[in-house]
Amino acid sequence: MSAAHPTLKVIDHPLVQHKLTLMRRKETSTGEFRRLAREISLLMAYEVTRDLPLETTSIETPLEVMEAPILSGKKLCFVSILRAGDGLLQGMLDLVPSARVGHVGLYRDPQTLVPVEYYLKLPDDIGARQVIAVDPMLATGHSAAAAVSRIKQAGASQVSFACLLAAPEGLRVFAEAHPDVPVFTASLDRELNDHAYILPGLGDAGDRLFGTK
């Protein structure tokens, strides 16, 4: 928990922290960075989904009939905040392959830093699903807050946000806009620089995932 956001959860599992350190290193190749993103997102998804509701169902094992736990209600929906969110999406789908997937496309105006939406595609029944929005970085917080607002406008009422890194500045913006949305991150970093990059950070997550500049 954090005073900046009472529902902040820093995932401090040793494997998550180890893989994040490898991702931070500037010499880590694009292929390795992408592989690590997939691995760390699967581990993070395990924590993000810890409180999913369960019900019981009757099944037959090779030996007898029993009442066994099973996920209750509609399946999950992962919403990737483009483009870098796709770097976390696949690992989460490895863990929950039946989940529905939505996309929100936003880019940050380089002058104003205000997010501009260019794409939106969400499941029609998103209001009946638990939604996990994913984006590697919570930097200024404006894009994440705008994306979650659009998800809520589409009818979602159970929303969580997962990222690799968060900056205190972005966390404050996000918490003010969505105090009801839990935030899961592998690290709360120190601050933003003058170009709104997280410090110490790991650079531009999209560029490192896709090999672009």
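The side chains of Arg150 and Glu117 meet in a salt bridge, with nitrogen and oxygen 2.7 Å apart; the term denotes a side-chain nitrogen of Lys or Arg within 4 Å of a carboxyl oxygen of Asp or Glu. The pair links distant parts of the chain, since Arg150 belongs to helix H4 (residues 142–153) and Glu117 to strand E6 (residues 115–121), 33 residues apart. Helices (H or I, at least four residues) and strands (E, at least two) are DSSP runs, numbered from the N terminus. Both partners are partly exposed: Arg150 has a relative accessible area of 25%, and Glu117 has one of 35%. Here buried means under 20% relative accessible area, exposed over 50%, and partly exposed in between, computed with a 1.4 Å probe on protein chains only.

The model is predicted, so local features need pLDDT of at least 70 and side-chain atom pairs count only at pLDDT 80 or more, while totals for chains, interfaces and linings use all residues. Residues are numbered from 1 along each chain as its sequence is written, and side-chain values use heavy atoms, with hydrogens and water left out.

Across the whole structure, a search finds twelve salt bridges. One of them joins Glu39 to Lys19, at 2.7 Å from N to O. This pair too links distant parts of the chain: Lys19 lies in helix H1 (residues 14–24) and Glu39 in helix H2 (residues 30–48), 20 residues apart. Lys19 is buried, with a relative accessible area of 15%, whereas Glu39 is partly exposed at 26%. A further salt bridge is formed by Asp125 and Arg129, whose closest N and O atoms are 2.9 Å apart. Asp125 is partly exposed, with a relative accessible area of 26%, but Arg129 counts as buried at 3%. Through shared partners, salt bridges also join Lys19, Glu32, Arg35 and Glu39 into one network.

Attention now turns to aromatic contacts. The search of the whole structure finds one aromatic pair. The ring centres of Phe161 and Phe174 are 5.3 Å apart and the planes stand at 35°, so the pair is tilted. Rings of Phe, Tyr and Trp (its six-membered ring) pair if their centres lie within 6.5 Å; planes under 30 degrees apart count as stacked, over 60 as edge-to-face and the rest as tilted. Phe161 sits in strand E9 (residues 158–166) and Phe174 in helix H5 (residues 168–177), 13 residues apart. Both Phe161 and Phe174 are buried.

The search finds zero disulfides, a disulfide being a pair of cysteine sulfur atoms within 2.5 Å. The sulfur of Cys77 has its closest cysteine sulfur in Cys163, 18 Å away, which is too far for a bond. Cys77 counts as buried at 0% relative accessibility, and Cys163 is likewise buried, with a relative accessible area of 0%.
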